[in-house]
Amino acid sequence: MRSTNGHAPHVAPETAPAPPEVAILNAVQSAIGGNPTVVKAARGMSHFGEHALGWVGIAAVGWLADKPRRRQWAGVAVGAVGAHAASIVIKRIVRRPRPNDPSVQVNVSTPSKLSFPSSHATSTTAAAVLLGKLTGLPLPAVLVPPMLLSRVVLGVHYPSDVLAGSALGAASAAVVLAAEKRLDSDRTRKSLG
């Protein structure tokens with residue numbers, strides 16, 4: 001079809017749909033990310049989870065207050081820090097950049113530009129699993145989903161980043177629990193022998 005001046009008419013380019021993970025980020029941010037209370041809570045969780053320091057602090061308090069279970073409290077700290085370290089190694093290998101779509105609102109600063117996996121999700125899951133085992137409380141169900149959601153609300157991770165981080169954190173906690181079980185078994189064997 002030609003316009004009256006002999007040139008093809010200007011047709012606005014179709015806007016491509018957002019990639020699925022960006023669409024999820026947009027949906028979460030439009031549903032709850034505009035609420036200042038939600039963003040403030042998410043930022044607080046971000047600061048608490050930075051470098052697993054909040055979890056190390058909780059483990060330190062437990063270690064000081066609960067002498068009979070000091071080894072398990074130390075395990076919480078080791079698990080959270082070990083999970084965080086594992087996530088950093090993977091980030092440096094994968095090198096996936098953080099969300100950078102103009103439609104995504106970034107609501108907190110980050111220490112790096114790397115996104116996969118989420119270190120907050122990794123250390124939180126490890127700590128929650130280990131704390132849950134130690135206390136008998138359903139802490140993974142209570143602590144993990146809000147941390148994962150907070151990273152999406154803040155616009156600093158894709159959903160696959162937080163899911164992979166959580167899986168890595170669960171695996172890290174399993175390693176710590178297996179080591180504790182082995183220590184208990186060795187200790188029992190020595191006391192009987």
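**Helices, loops and packing**

Trainee: Where is P117 placed?

Mentor: P117 sits in the loop between α4 and α5 (119–135). Helices here are DSSP runs of H or I with at least four residues, strands are runs of E with at least two, and both are numbered from the N terminus. This is a predicted model, in which local features need pLDDT of at least 70 and side-chain atom pairs count only at pLDDT 80 or more, while totals for chains, interfaces and linings use all residues. Residues are numbered from 1 along each chain as its sequence is written, and side-chain values use heavy atoms, with hydrogens and water left out.

Trainee: What makes the peptide bond from F116 to P117 cis?

Mentor: Its omega is near -5 degrees. Most peptide bonds are trans, and most residues other than glycine have a negative phi.

Trainee: Which kinds of element does the protein have, and how many?

Mentor: There are 7 helices and 0 strands. From the N terminus the order is α-α-α-α-α-α-α.

Trainee: Why is H51 called partly exposed?

Mentor: Buried means under 20% relative accessible area, exposed means over 50%, and partly exposed lies in between (1.4 Å probe, protein chains only). H51 has 41% relative accessibility, so it counts as partly exposed. H51 is in the loop between α2 and α3 (53–65), and its phi is positive, about 55 degrees, although it is not a glycine.

Trainee: How do you know that the span of α4 agrees with its number of residues?

Mentor: The expected span of a helix is 1.5 Å times one less than its number of residues. For the 25 residues of α4 (residues 70–94) that gives 36 Å, and the end C-alpha atoms are 36 Å apart, so the two agree. The buried residues of α4 are W73, G75, V76, A77, G79, A80, A83, H84, S87 and K91. After α4 comes R95, with a positive phi near 60 degrees.

Trainee: What makes α4 and α5 roughly antiparallel?

Mentor: Axes are lines fitted to C-alpha atoms, for helices over the stretch in contact, and angles run from 0 to 180 degrees between N-to-C directions. α4 and α5 pack at about 160 degrees, with their axes 8 Å apart. Angles under 35 degrees count as roughly parallel, over 145 as roughly antiparallel, 65 to 115 as roughly perpendicular and the rest as oblique. The angle therefore makes α4 roughly antiparallel to α5. Contact means heavy atoms within 4.5 Å; residues making it include W73, V76, A80 and H84 of α4 and S119, T122, A126 and L130 of α5.

Trainee: What makes α2 and α6 roughly perpendicular?

Mentor: The axes of α2 (residues 36–49) and α6 (residues 139–153) come within 9 Å and cross at roughly 110 degrees. The two helices are therefore roughly perpendicular to each other. Their contact is made by V38, V39, A42, M45, S46 and G49 of α2 and P146, M147, S150, R151 and V153 of α6.

Trainee: Why is α1 placed as it is relative to α6?

Mentor: α1 and α6 pack at an angle of about 100 degrees, with axes 9 Å apart. That makes α1 roughly perpendicular to α6. L25, V28, Q29, I32 and G33 in α1 meet L149, V152 and V153 in α6.

Trainee: How do you know that the buried residues of α1 share a side?

Mentor: E21, V22, L25, V28, Q29 and G33 are buried in α1. They cover an arc of only 125 degrees around the axis, which puts them on the same side of α1; the arc is that of the directions from the helix axis to the C-beta atoms. The face turned away from the buried side of α1 carries the exposed residues P20, S30 and A31.
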